[in-house]
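Please consult the sequence and the structure shown below while reading.

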Amino acid sequence: MKNKIKIEVIYLSKKIKYHKQFTITNDLTVEELFNQFDLINTIPFFSKKKNKIGIFGNMIPYNYILKDKDRIEIYEPISIDPKTMRKRIANTKKKNK
């Protein structure tokens, strides 16, 4: 019998928050996990083409083999460049002084 491991899947957006823990076999890939639990249809607005995934902030491919206590994070595509956003915030602060 294969060993069981525990993992988490987290997806945060402006519209929803999804956080669920799973107990799975220790040789499952991310893609197999998503297929086995039908996460593509369970998590609204998720798309393999537009959303990137990572584990503890490090980007991973869908063929990554999951390890015990991994936390899969599903990232929203950025809508604005972070540098542009920082400039806007800095300009707003200057105007408000």
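## Sheet and salt bridges

Strand S3 (residues 52-55) and strand S5 (residues 71-75) run antiparallel and are joined by 4 bridges. The model is predicted, so local features need pLDDT of at least 70 and side-chain atom pairs count only at pLDDT 80 or more, whereas totals for chains, interfaces and linings use all residues. Residues are numbered from 1 along each chain as its sequence is written, and side-chain values use heavy atoms, with hydrogens and water left out. Strands (E, at least two residues) and helices (H or I, at least four) are DSSP runs, numbered from the N terminus. Two strands pair if DSSP finds at least two bridges between them.

S3 also pairs with strand S4 (residues 58-59), in the antiparallel sense and over 2 bridges. The hairpin of S3 and S4 has 2 residues between the strands, and in it Phe56 takes a positive phi near 50°. Strand S1 (residues 4-12) is joined to S2 by 9 bridges in the antiparallel sense, and these two strands form a hairpin with 4 residues between them. S1 pairs with S5 in the parallel sense, over 4 bridges.

Together the 5 strands make up an open sheet with mixed pairing, in the order S2-S1-S5-S3-S4. Its edge strands are S2 (17-25) and S4, each of which pairs on one side only.

| Residue | Partner | Strand of partner |
|---|---|---|
| Gly54 | Glu73 | S5 |
| Ile55 | Asn58 | S4 |
| Glu8 | Gln21 | S2 |

Gly54 deserves a separate description. This residue lies in strand S3. Is Gly54 buried or exposed? Gly54 has 0% relative accessibility and therefore counts as buried; buried means under 20% relative accessible area, exposed over 50%, and partly exposed in between (1.4 Å probe, protein chains only). With neighbours within four places in sequence left aside, Gly54 is in contact with Met59, Ile60, Arg71, Ile72, Glu73 and Tyr75, where contact means heavy atoms within 4.5 Å. The C-alpha atoms of Gly54 and Ile72 are separated by 5.8 Å, although the two residues are 18 apart along the chain.

Side chains of opposite charge can pair when their charged atoms come close. A salt bridge is defined here as a side-chain nitrogen of Lys or Arg within 4 Å of a carboxyl oxygen of Asp or Glu. A search of the whole structure finds 2 salt bridges.

One of them links Lys48 and Glu31, with the closest N and O atoms 2.7 Å apart. Lys48 is in the loop between helix H2 (39-42) and S3, and Glu31 is in helix H1 (residues 30-36), so this pair ties together parts that are 17 residues apart in sequence. Lys48 is partly exposed at 34% relative accessibility, and Glu31 is partly exposed at 33%.

Arg71 and Glu73 form another salt bridge, in which the closest N and O atoms are 2.5 Å apart. Arg71 is partly exposed, with a relative accessible area of 25%, whereas Glu73 counts as buried at 12% relative accessibility. Both Arg71 and Glu73 are among the contacts of Gly54.
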